[in-house]
Structures are given as structure tokens and as C-alpha cells.
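Hi,

Here is the structure I promised to pass on. Have a look at it first, and then read my notes below.

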Amino acid sequence: MGKDKLKRFAEVEKFKNVIQPNLNNFLNDHELKGKWSTKFNNSNPIILELGCGRGEYTVGLARKFPKINFIGIDIKGSRLWRGAKTCVEENINNVFFLRTKVDFIEQFFNTNEVNEIWLTFSDPQPKKPRKRLTSPLFIERYKELLKKDGVIHLKTDSDLLYEYTLEEIERNNYSIINHLNDVHGQLNDKSDPELYEILNIETYYESIWLKEGKKIKYVSFTAIHKG
Ligand SMILES: C[S@@+](CC[C@H](N)C(=O)[O-])C[C@H]1O[C@@H](n2cnc3c(N)ncnc32)[C@H](O)[C@@H]1O
């Protein structure tokens, strides 16, 4: 393992804004389940970013919306380190990072504890549809944590994941709020300022795909059946 990675692992252990659960205890509910408002010291809404990597989206939204609490979740500690360090440096207090697999998410949040979920440039898992973060398996998990009208946002470069998610939404008769198949071509601060505000944050992976000329897609929906 590289020296930098080791240094980050050591540093991340000390950050008060990073929660690294004991991996031997992964079958039990975490002590913070149902208690995140105590951890944040307020009862503001909670938004999760799943597979947050370096946490650019979590940090970007947290800067814009200081009255909302954000939790960035990823399994890779050395990536979380970047977001956590930025929050320490900028004194951003409405963010925690949680190092775990999204697969165990129900052990960390109670029913109705979460207001929204962001999925940013998630792995499209071409050969393993069940592992896609918008597969029925995962959406059912999210439904357990989300408030009734809780929104799920997907921002992706992947046509496969975008089309798959739209098909899942249609198959389940879920309600779409917005969808764009070319975020940067279709949206600007005049056309829809509110949507622009939440979509003009660029992550590490987004910057890579943009350089390759890929179009960025976005869909938001509630997992409530229409009509
Ligand atoms: C392609 S990267 C995107 C990272 C970041 N959202 C961005 O846009 O730069 C996907 C991230 O999801 C994380 N990831 C994938 N599957 C996961 C899972 N089941 N649980 C936790 N993290 C996961 C990976 O560790 C990786 O950091």
C-alpha cells in the first residue's frame, strides 16, 4: 500500500466527522440508527450520498444548504478522507462521512429518518444488475429509511444505468420529478435556477467523463406508486 494511502487511513481515524463502524459487528444495528439528529445536534433534514467517493457532492450541497444535514457513504476510507478533510479545513459542521457498504444501510438508519438520497456516478454494474444502486433490491432498502415522499436523485454518465433506472421507475409506476438526458446541454442558471443549484456540483468522476465528451444524465423520483 502506498505511503499516502497509509497516511490518509491514519488521519481519517482521527477525524471526528468520519464514522468507521467495527466491521466485525456488521450484523447488528449501529448505535447511531435513529439517533442522527443527536449526532448533528439538531433536527434538520438528512440527505445521504451513496457511493460518495471523495465526497464532492456531499460537501458541495452542504456548503449551499447549511440548514440540511448530509451524510456521505462509501466503503473506501482513503476516498472519504478528501471530503472529511475539506469539511475540517472549511469548518463545515453539517456533514458526516460513514464508511460502510450501501448493502448494510438499514443497520444505520431508522424508518423515516432520511429525507433524500443522492446516487452520484454509481458503478453501472453491466454484468450484475442486482448490484446496481437503483435495482429493486436497493430501492426496497431505501424505502425503509426514506420519509414517505423522500426523493431519490441519480446523476450519471452511464446510458445503461440511466435507461435501466427509467425502466425501473416505469415498471414500478414510481413518480418522476425531473429527468434530463444532457444536464450540461439542457440546463443553466436561467432555465431552472433551483435545479441548476443542485446539479452544478462536479465530482471527480464527472470531470473525467466530461473530458471524454460524455453526456451527463439526471433523474429524480419518489418511490411512491403514481395515482
Ligand atoms: C465511480 S465511483 C463515484 C464516486 C463519486 N460519487 C464521484 O462521482 O466521484 C463509485 C463509488 O462508489 C463506491 N461504492 C460502490 N459500490 C458501493 C457499495 N456497495 N457500498 C459502498 N460504496 C460503494 C466506490 O467505492 C466508489 O467510491
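**Starting from strand 2**

All 5 of the 5 residues of strand 2 are buried, so strand 2 is largely enclosed by the rest of the structure. By buried I mean that 20 or more other C-beta atoms lie within 10 Å of the residue's own (12 or fewer makes it exposed, anything in between partly exposed), with C-beta atoms placed from the backbone. Strands (E, at least two residues) and helices (H or I, at least four) are DSSP runs, numbered from the N terminus.

Before going further, two caveats. This is a predicted model, where local features need pLDDT of at least 70 and side-chain atom pairs count only at pLDDT 80 or more, while totals for chains, interfaces and linings use all residues. Residues are numbered from 1 along each chain as its sequence is written.

Back to strand 2: Ile46, Leu48 and Leu50 point one way and Ile47 and Glu49 the other, and all are buried. On one side, strand 2 runs parallel to strand 3 (residues 69–74), joined by 5 bridges; two strands count as paired if DSSP finds at least two bridges between them.

**Strand 5 and onwards**

Strand 5 (residues 114–120) is mostly covered, with 6 of its 7 residues buried. Strand 6 (residues 146–156) runs parallel to strand 5, with 6 bridges between them, and His153 is the bridge partner of Trp118 there. Strand 5, helix 5 (residues 136–145) and strand 6 form another β-α-β unit, which is right-handed. Strand 6 then pairs with strand 8 (residues 217–225) in the antiparallel sense, over 6 bridges; Ile152 is opposite Phe221 in strand 8.

Put together, you get an open sheet of 8 strands in the order 1-4-3-2-5-6-8-7, with mixed pairing. Its edges are strand 1 (18–19) and strand 7 (174–180), each of which pairs on one side only.

**Core and overall shape**

The largest nonpolar core has 47 residues, and Leu48, Ile71, Ala84, Val114, Ile117 and Tyr142 touch the most other members. A core here is a set of buried Ala, Val, Leu, Ile, Met, Phe, Trp, Tyr and Cys residues joined through C-beta atoms within 7 Å. Leaving out residues up to four places away in sequence, Val114 touches residues including Ile46, Leu48 and Phe109, a contact being C-beta atoms, placed from the backbone, within 7 Å.

What about helix 1, is it in the open or enclosed? Of its 12 residues the number buried is 1, so helix 1 lies largely in the open.

As a whole, the protein has 9 helices and 8 strands. Its radius of gyration is 17 Å, close to the 17 Å that the globule rule gives for 227 residues, so the protein is as compact as a globular protein of that length (C-alpha atoms only; the rule is 2.2 Å times the number of residues to the power 0.38). The C-alpha trace spans about 45 × 40 × 35 Å along its principal axes, and buried residues make up 35% of the 227.

Cheers

Notes. Right-handed = clockwise from strand over helix to strand, strands pointing away. Contact = placed C-beta atoms within 7 Å.
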